[in-house]
Amino acid sequence: TLNPNTILDLGELEYDPNKVDASEYGLVGSFQGWDPANSIDMEYVSEGWIVAKDIELYKTDEFKFVKGNTWDVSYGPESVTVVEGEPISVTTTGGQNMKVSRNGKFDLYFHPGNSLVKAECVEEYTNLKVNITIDNKANWSPLYITLKDGDTVIANNKTVTDNTYAVSGDYIGSSLACVLSNGSKTFETTVSITKDGATVTLEET
């Protein structure tokens, strides 16, 4: 009830002229099948920024933002770009995908008004275990494996059990030099490690 000559204390009222309806936008990527109809929800932060929180990403993942749960309007940089640290500019015309440089959980921020994106790592995965599976068509037994990441030796002539070797460390998104041996013969290849590990086909040489 409003009475004449009465002052009402309404407390502190906040007005954000840049407020965005976060429900109009969503996050899509390789981690959810690139499906805009089921894009990941975002929430409003402040000053025009919206965010998708605690998104699990690996260095092999890519992502974009969409409007209206369709591909009609999508946002990305002019080239595939690693997004961490300072905000980067995105466009709706020919925008490419975005990536992160670490494995872990991220808060992904989007500013529709200024066409900016930034990413903050909230939990880094530094010691992940993945399996390298050997499709042992050569039927080598025993089977040994040597792995290198550049000049760093990860495994030196280690025994492979049940055609599987587990690798621990920050190797998802890396390509490793791989040498398989049965003690007298060797087979050399390159292994690309994903979050699901890798498979190597061993042919007789």
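Mentor: Go ahead, but keep in mind that this is a predicted model. Let's start with the cysteines: C121 is partly exposed, with a relative accessible area of 24%.

Trainee: And C178, is that one buried or exposed?

Mentor: The cut-off for buried is under 20% relative accessible area. C178 has a relative accessible area of 1%, so C178 is buried.

Trainee: On to K64. What is the nearest side chain of opposite charge, and how far away is it?

Mentor: K64 sits in strand β4, residues 63-67. The K64 residue is buried yet has no salt bridge. A salt bridge would need a side-chain nitrogen of Lys or Arg within 4 Å of a carboxyl oxygen of Asp or Glu. The nearest side chain of opposite charge is E62, at 9.1 Å.

Trainee: Which side chain makes a polar contact with the side chain of K64?

Mentor: Leaving aside neighbours within four places in sequence, K64 is in contact with a list of residues including W34, W71, S74, Y75 and M98. The polar contact is side chain to side chain, at 3.4 Å, and the partner is S74.

Trainee: Now T194. Which residue is 22 residues apart from T194 in sequence, and how far apart are they in space?

Mentor: T194 is in the loop between β16 (186-192) and β17 (198-202), and it counts as partly exposed because its relative accessibility is 31%. Beyond four places in sequence, T194 is in contact with T60, V130 and I172. The residue you want is I172, and C-alpha to C-alpha the distance is 5.1 Å.

Trainee: Where is there a cis peptide bond, and what is omega?

Mentor: Look at P142, in the loop between β11 (128-136) and β12 (144-149). The cis bond joins S141 and P142, with omega about 5°.

Trainee: What is phi of N5 near?

Mentor: N5 lies in the segment before β1 (25-29) and is exposed, with a relative accessible area of 85%. The residue is not a glycine, yet phi is positive, near 60°.

Trainee: Last one: what is phi of D162 near?

Mentor: Go to the loop between β13 (152-159) and β14 (164-169), where D162 is found. At 70% relative accessibility, D162 counts as exposed. This is a residue other than glycine with a positive phi, near 55°.

Terms used. Residues are numbered from 1 along each chain as its sequence is written. This is a predicted model: local features need pLDDT of at least 70, side-chain atom pairs count only at pLDDT 80 or more; totals for chains, interfaces and linings use all residues. Side-chain values use heavy atoms; hydrogens and water are left out. Helices (H or I, at least four residues) and strands (E, at least two) are DSSP runs, numbered from the N terminus. Buried means under 20% relative accessible area, exposed over 50%, partly exposed in between (1.4 Å probe, protein chains only). Lys and Arg count as positive and Asp and Glu as negative; His and the chain ends are not counted. A polar contact is a pair of N or O atoms within 3.5 Å; within protein, one must be able to donate a hydrogen and the other to accept it, and residues adjacent in sequence count only if both atoms are side-chain atoms. Contact means heavy atoms within 4.5 Å.
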